[in-house]
Every structure is written in structure tokens, then in C-alpha cells.
Amino acid sequence: MKTAVIQFPGSNCDGDALHAAQLLLDKGAQFVWHTEAGLPQGTELVFLPGGFSYGDHLRSGAIAARSPIMQAVKAHAERGGFVLGVCNGFQVLTESGLLPGALSRNRDLHFLCRPVHLRVENTGTAFTGAYTKGQVIEVPIAHGEGNYYADPETVARLEGEGQVVFRYVDNPNGSLNDIAGIVSERGNVLGMMPHPERAVEALLGSEDGRGLFDSLKGALVSR
């Protein structure tokens, strides 16, 4: 799966994202700088990594969402291409309108960096097909603004349409309905606060993140 990892000023998980992509999806996965106007030809997955794009000025992800490359990312998503936004990448997706809702300060106003447990709520997506429904996985978090919020109508729609794909078992940040990750209506855009790319090798403490990348490989084959 040809993968492009977008780099913004302040990205600090881009290396992790690239490593996981090269290990599990595409040995030729490459960085794309935020000022580029287009994606590499044949890109199938766009990976928006974690970090502190533009130092989190204004709001987390707000400036990055208006970077030149995001027009190409939006066009890619509109064509049905896969987009994965992790942590700051999730914030960029909400700020750009590719996913609904917003991420605000953690409930206790502390930066959180530790492993958490997630329950897989929907295995009928391109990102979760390799898991089993109800499976509990362990992946790390590292965020100060991971508290997911949306208006009641939006939350009801997300829940009703099966767009909540990952849910915290023990909510660390106050997110509504324990939401840890959601997909777009078409199911081709995923945003999540925990870091699956940091849980793909045993030496990292967990390999539970591999299922997400295995799911994407399977989804590409079935297209």
C-alpha cells in the first residue's frame, strides 16, 4: 500500500509513522512536506502523524489543517483514498472538516503518556477488519488535548452508524462516550488519539497496533 507520511513543522511522531508504514505496508513509504501541492503518484494511504504541528498555536491542528498539502489530502479522501490521522493527525482531521467533532484539553489538564486499553467496536472498516469485535488491545497515548467532543446529534449519528471504532476501556481524558477513534461516513478516513504505530513490535511492549496495518493491507486486496 503506497504510503505518504505528511510532515508539518512540529511533527514528532513522523519517524514512528514512517517506520511502521515501511515495516508493515510499504518499504518505499515516504515523507511529504506540508508545503507540497500534491501527493506522490499512486498514493493509497495518507498518514497524518502525531506531534505539535505549529506548536499547537491557535488550537491543536488548526494551522496544519490549512497547509497546502491538505487540499490534496482532502481530494484523496474524496476519491475514496485511505487517510489515517493519529493524535495530532486526528486533531488536523477534525480541524480540516474531514472528521466531525473536536479535541480539547484533557479532563485533568495533564499531558498523558502511558499505555491504555481500547475496545474494538466495529470490525467492518478498512482499519479494523483484522481485529475481532469486542477485542481489547493495548496501545500507548501521548497527548494533552485528546478529550473528544461533538454535539449530541453528531455523537448520536456516530454511534448509530457504527463510526465509533475504538473506545477507551478506562477513559483517560474525558472523551464523550469513551471515544478513542472514529471513521468517516464512507469509512476511508480514521482519526484516533492512541498511537498504533508505537505498538507494532514486541520490543515496544505491545504488537496490538499491527492489526490496524494488517487490516489496511486486507482492505486493499479486497478492493
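**Legends to the close-up views**

Glutamate 197 counts as buried, at 2% relative accessibility; buried means under 20% relative accessible area, exposed over 50% and partly exposed in between, with a 1.4 Å probe and protein chains only. The structure is a predicted model, in which local features need pLDDT of at least 70 and side-chain atom pairs count only at pLDDT 80 or more, while totals for chains, interfaces and linings use all residues. Residues are numbered from 1 along each chain as its sequence is written, and side-chain values use heavy atoms, with hydrogens and water left out.

**View 1. The annotated active site comprises Cys87, His195 and Glu197.** The annotation comes from an unreviewed UniProt entry; positions follow the numbering used here, feature names are shortened, and annotations may be inferred rather than shown by experiment. The three residues are spread over 111 residues of sequence, yet they cluster in space, with a largest C-alpha distance of 11.0 Å. Cys87 and His195 are among the residues lining the largest pocket.

**View 2. Histidine 195 and glutamate 197 meet through their side chains.** Histidine 195 lies in the loop between β11 (189–192) and α5 (210–222), and glutamate 197 is found in the loop between β11 and α5 as well; helices (H or I, at least four residues) and strands (E, at least two) are DSSP runs numbered from the N terminus. Their side chains make a polar contact at 2.7 Å, that is, a pair of N or O atoms within 3.5 Å; within protein, one must be able to donate a hydrogen and the other to accept it, and residues adjacent in sequence count only if both atoms are side-chain atoms. Histidine 195 is buried, with a relative accessible area of 0%. Beyond its neighbours within four places in sequence, histidine 195 has contacts (heavy atoms within 4.5 Å) that include Cys13, Cys87 and Ala142. Counted in the same way, glutamate 197 touches residues including Cys13, Asp16 and Phe213.

**View 3. The largest pocket has a volume of about 180 Å³.** On a 1 Å grid over the protein atoms alone, a pocket is an open set of points where a 1.4 Å probe fits, with protein on both sides within 12 Å along at least five of seven lines, and lining residues have an atom within 4 Å of a point. Grid points are joined across faces, edges and corners, and the volume is the space filled by probe spheres set on the points. Of the 17 lining residues, Gly51, Phe52, Phe111, Ala142 and His143 are the closest to the centre of the pocket. Both α3 (88–95) and β7 (136–143) supply at least two residues of this lining. The lining divides into five nonpolar, nine polar and three charged residues; Ala, Val, Leu, Ile, Met, Phe, Trp, Tyr, Cys and Pro count as nonpolar, Asp, Glu, Lys and Arg as charged, and the others, Gly among them, as polar.

**View 4. Isoleucine 137 has its place in strand β7.** At 2% relative accessibility, isoleucine 137 is classed as buried. Among the residues that isoleucine 137 touches are Val116, Tyr131 and Phe166, with residues up to four places away in sequence not counted.

**View 5. Phenylalanine 127 lies in the loop between β6 (112–120) and β7.** Phenylalanine 127 has a relative accessible area of 0% and is buried. Its contacts, apart from neighbours within four places in sequence, include Phe82, Leu190 and Leu216.
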